[in-house]
Amino acid sequence: MKRSVLTRYRTMAYVTGVLLILLTIGVIAKYLLDVSGAAGFTSVVGIAHGWLYVLYLVFAFDMGSKAKWPFGKLAWVLLAGTIPTAAFFVERKVSRELEPLVSGSEPETAKA
């Protein structure tokens, strides 16, 4: 697998994760705290997250198919962009797992 495949996924995981956290804060401010201006913020961040989540799905699916993941694992990675903070944890786990498969990486020794 090329490094660019993993890099694209990692970038979109962070962007999607940050936007989802901002969206969650905006929704809390809008509905629970009744903050003025939160509606506009939530609208803008929601639209941005929605469109960028589509890119996240494309990059995650591309990476998962190249890694030959089973459907369940791929589904979890795809859904991680919809759960606040999950994208960060899943990205870290995926990166550690796929780093040895990236072209030009040193092969990882077997763990006991």
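**Figure 1. The cover over the buried side of helix α4.** The buried residues of α4 are covered by parts of the chain that include α1 (residues 3-32), α2 (residues 38-66) and α3 (residues 71-79). In this predicted model, the residues of α4 that count as buried are Ala86, Ala87, Val90, Glu91, Val94, Ser95 and Leu98. They lie on the same side of α4, because the arc they cover around the axis is only 150°. An α-helix has 3.6 residues a turn, so residues three or four places apart point the same way.

**Figure 2. The other side of helix α4, and its length.** Which residues are exposed on the other side of α4? They are Phe89, Lys93 and Arg96. The helix itself runs over residues 86-98, and its 13 residues reach 18 Å from the first C-alpha to the last, which is close to the 18 Å expected at 1.5 Å a residue.

Figure 3. When residues up to four places away in sequence are not counted, Thr42 touches Leu23, Gly26, Val27 and Lys30.

Figure 4. In the UniProt record, an unreviewed entry, the annotation "domain: DUF3817" covers residues 6-96.

**Figure 5. The whole chain, as a setting for the close-up views.** The chain has four helices and zero strands, and from the N terminus on its elements run α-α-α-α. Along the principal axes, the C-alpha trace spans about 55 × 30 × 25 Å. The radius of gyration of the chain is 17 Å, whereas a compact globule of 112 residues would have one near 13 Å. Of the contacts in the chain with a separation of 6 or more, 70% are made by residues 24 or more positions apart.

**Figure 6. Buried residues and accessible surface of the chain.** How much of the chain counts as buried? Of its 112 residues, 33% do. The accessible surface comes to about 6900 Å², and carbon and sulfur atoms account for 71% of that area.

Technical notes: Residues numbered from 1 in each chain as written. Predicted model: local features only at pLDDT ≥ 70, side-chain atom pairs only at ≥ 80, totals over all residues. Heavy atoms only, no water. Helix = DSSP H or I, 4+ residues; strand = E, 2+ residues; numbered from the N terminus. Expected span 1.5 Å × (residues − 1). Buried < 20%, exposed > 50% of the residue type's maximum accessible area, 1.4 Å probe, protein only. Arc of directions from axis to C-beta. Contact = heavy atoms within 4.5 Å. Rg over C-alpha atoms; globule rule 2.2 N^0.38 Å. Areas by Shrake-Rupley, 256 points an atom, 1.4 Å probe, with all protein chains shown as cover. UniProt positions renumbered as here; feature names shortened; annotations may be inferred.
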